[in-house]
Amino acid sequence: MPRMTANDALTSALIEEMRRDSRVLMFGEGVATKRRDLLEEFGAARVRNTPLAEGIIAGTAAGAAATGLRPVIDLLFAPFLCYAMDEIVNSAGKLRYLSGGQFAFPMVVLAATGAGWGVGAQHNHNIEAWFAHSPGLKVAMPSTPADFKGLLKAAIRDDNPVLFFTDLALGFTEGDVTDEVVPLGQAAIRRNGRDVTLISYAKTVHTCLAAAEQLADRGISAEVLDLRTLKPLDEETVLASARRTGRVVVVHEASRMCGIGAEVAAIVAEKAFRDLRAPVLRLTGPDAPAPASFPLEQAFVPQPGQIVTTVRDLLGTRDVRDVELAGVPV
Amino acid sequence: MAEAATRKPRGKGPKEPAMSRDELLRAYRDMLLIRRFEEKAGQLYGMGLIGGFCHLYIGQEAVVVGLTMCTKPGDQVITSYRDHGHMLATGMEARGVMAELTGRIGGYSKGKGGSMHMFSREKGFYGGHGIVGAQVPLGAGLAFANWYRGNDNVAMTYFGEGASNQGQVYESLNLAALFKLPVIFVIENNKYGMGTSVERASASKDLSKNGAPWGIPGEQVNGMDVIAVKEAGERAVAHCRAGNGPYLLEMKTYRYRGHSMSDPAKYRTREEVQKMREQSDCIDTARKLLLESYGVTEAELKVIDDEVKAIVQDSADFAQTSPEPDESELYTDILIEAR
Ligand SMILES: Cc1ncc(C[n+]2csc(CCOP(=O)(O)OP(=O)(O)O)c2C)c(N)n1
Ligand SMILES: [Mg+2]
């Protein structure tokens, strides 16, 4: 299995899908400059720089998709999607419905976000939930290089508009990558556990894994579930894990209010209430724009220590080291 | 571009100078301050003291300095993320700007904004915008407020030639012309966006005509020549203050450094940059003119150089000693609590 960075995994998905299907093409501000290898292999018509104007980039993609082409557009940083909102939400997301199913919009929108670079609120804003809230769109946000590739392949093959968010901090992380297509809508259990389920996606999956390590040292067994796709959400895997452990903490960098965590908590409360041994908790970024200052940016993002504290609270005691944990009632 | 950049200053020569001695000295000082400030910012970035993106204005100094000389109190300035020069030109303190770059509490946005997002209500500086083109409709709004209040202030609205392709820019041109708003649209055409040359991004060959469909007068100006910039600025400002509606200036300029700090700059040749630096540098040109035509002595310029150096050093010191913001700052300045 080749090891590669998440960025390279994403590129290899693009190359493979463009080889596989001549309807797949790519454009956006600087894509041909940034992705020279794609330009060389597929030519200037299929890999194309556009003017710096997100609205027209997304609109052109939606129009082309309506005729059966499969554009992948790179809008760089997630907040820039605000310029493309109408084209994505009102056009790509709704025209299939409004036309009584006559059209499909098989397009992928790439955008990066997340803390780590100190770029401030107009370049870093985890807006993935906005699109989950909009009908007619799918939303994916991978945490591993394998998923950067596998999920993107699935997104390109999907007949619906897919928002594909990449976490800035993950671009240079390495991992094993295969040719496997990772279907949209399937969560992954990253670590098995009995006492609590930590549910997350993107960068904070790794935060949860680090916290699970620390919890294990204290005798607490945490399961870590990576949503991978935010819409469609894999309810089945979420509920099965929640029922097994009886305790759920949802962790994400995006703000709390109306975030993915709220949706997950509601689903668990509605459908697994009988099996819960504690309220579902959320550990999220604050309801604040992302700061530029490095220490503030770090304080913005959930950290392993906070997860450990939250889980220990949830289990009913802060000082668990001396306590027999098995079956502690809450 | 090459043509415009090598054109002689538009002033009528030393006999009837377009700028007085004091004015040109002032312009020289302000351009030098921006240049030295940016060089220092580049150094601090290299030392890892500045995070995020950092877009230097080196090469373009004449644009903002010349135009700011045409403004008066109450006028507003708004620009993109390449904003350090605009802030210094409006009289904002070098300390506060540098400390914002290093993310400290003494910065203009308490460290929350960083390089691309700084503001000063007091100086009429409305940012510092990270979203390309976002400042242009806001500039129209600032001008709207001037019109509404019935004053004769103008809103200087700066953006790049790359930004000029955003849809909102055209919406702004239309509305400003329709409402006759006192806004000066300044396209800082430095030939490149992040890595795309203007020829490859704009079908429009003469950006000064971008306002023409709406009847907005436009001029192409040698933005490497502070005197030419000021002269054009005076025409624009007079037009706006008299209630004639918007004006558009395409400033032909050039940035010497990369787009941001990590830019391999494969889209242009070293020779091109070298040529601009050697033949068209705004500071060299002003310096030469001061010495040769305005009777200024090396000693006088040395005093200015020293003053500038001291300000920049002080700002760098401050930017490293001002404390980091407290974590509680995450939760302030978001919504205004009802009183
Ligand atoms: C809406 C939006 N899209 C893309 C970007 C990324 N970006 C930042 S600067 C830039 C190029 C802008 O070029 P130009 O307007 O010519 O200004 P310059 O940098 O030359 O001053 C791009 C594409 C952004 N910040 N905002
Ligand atoms: Mg430019």
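# Briefing on a predicted two-chain model

B:Glu188 stands opposite B:Met251 in strand S5 of chain B, where strands (E, at least two residues) and helices (H or I, at least four residues) are DSSP runs numbered from the N terminus. This is a predicted model, in which local features need pLDDT of at least 70 and side-chain atom pairs count only at pLDDT 80 or more, while totals for chains, interfaces and linings use all residues. Residues are numbered from 1 along each chain as its sequence is written, and chains are lettered from A and ligands numbered from 1 in the order in which they are written.

**The two chains**

- The secondary structure of chain A comes to 13 helices and 14 strands, and its C-alpha trace spans about 65 × 40 × 40 Å along the principal axes.
- Chain A has a radius of gyration of 20 Å, which agrees with the value near 20 Å for a compact globule of 330 residues; the radius is taken over C-alpha atoms, and the globule rule is 2.2 Å times the number of residues to the power 0.38.
- In chain B there are twelve helices and five strands.
- The radius of gyration of chain B is 19 Å, close to the 20 Å that the globule rule gives for 339 residues, so chain B is as compact as a globular protein of that length.
- The C-alpha trace of chain B spans about 55 × 50 × 40 Å along its principal axes.

**The sheet of chain B**

- Five strands of chain B form an open sheet in the order S1-S2-S3-S5-S4, with parallel pairing; two strands pair if DSSP finds at least two bridges between them.
- Strand S1 (76-78) and strand S4 (218-222) of chain B stand at the edges, and because each has a single partner strand, one side of each is left without a neighbour in the sheet.
- From one strand to the next, the twist averages 20°, with axes being lines fitted to C-alpha atoms (for helices, over the stretch in contact) and angles running from 0 to 180 degrees between N-to-C directions.
- Strand S3 (residues 183-189) and strand S5 (residues 247-252) of chain B pair in the parallel sense over six bridges.
- Helix H6 (residues 135-149) of chain B packs on the sheet, where it touches S1, strand S2 (155-160) and S3 of chain B, and its direction makes about 170° with that of S2(B); residues are in contact if their C-beta atoms, placed from the backbone, lie within 7 Å.
- Helix H9 (residues 226-241) of chain B lies across S3, S4 and S5 of chain B and runs at about 170° to S5(B).

**Helix pairs in chain B**

- Helix H6 and helix H7 (residues 167-179) of chain B have axes that come within 8 Å and cross at roughly 15°, which makes H6(B) roughly parallel to H7(B); angles under 35 degrees count as roughly parallel, over 145 as roughly antiparallel, 65 to 115 as roughly perpendicular and the rest as oblique.
- H6(B) passes H7(B) in a left-handed crossing, the term for a near helix turned anticlockwise from the far one by less than a right angle, with clockwise giving a right-handed crossing.
- Among the residues that meet in this pair are B:Phe144 and B:Trp147 in H6(B) and B:Leu175 and B:Phe179 in H7(B).
- The contact of H6(B) with H7(B) divides into ten nonpolar, two polar and one charged residue, where Ala, Val, Leu, Ile, Met, Phe, Trp, Tyr, Cys and Pro count as nonpolar, Asp, Glu, Lys and Arg as charged, and the others, Gly among them, as polar.
- Helix H5 (residues 94-101) and helix H12 (residues 298-321) of chain B pack at an angle of about 40° with their axes 8 Å apart, and they are therefore oblique to each other.
- H5(B) passes H12(B) in a right-handed crossing, and their contact has nine nonpolar, one polar and two charged residues.
- The axes of helix H2 (residues 21-46) and helix H3 (residues 61-68) of chain B come within 9 Å and cross at roughly 140°, which makes H2(B) oblique to H3(B).
- The crossing of H2(B) and H3(B) is right-handed, and by class their contact has five nonpolar, one polar and three charged residues.

**Where the chains meet**

- The contact takes 26 residues from chain A and 33 residues from chain B.
- Helix H4 (54-66) and helix H12 (294-300) of chain A each supply at least two residues of the side of chain A that touches chain B, and H12(A) gives the most to that side, with five residues.
- That side of chain A divides into 17 nonpolar, nine polar and no charged residues.

Key:
Contact = placed C-beta atoms within 7 Å.
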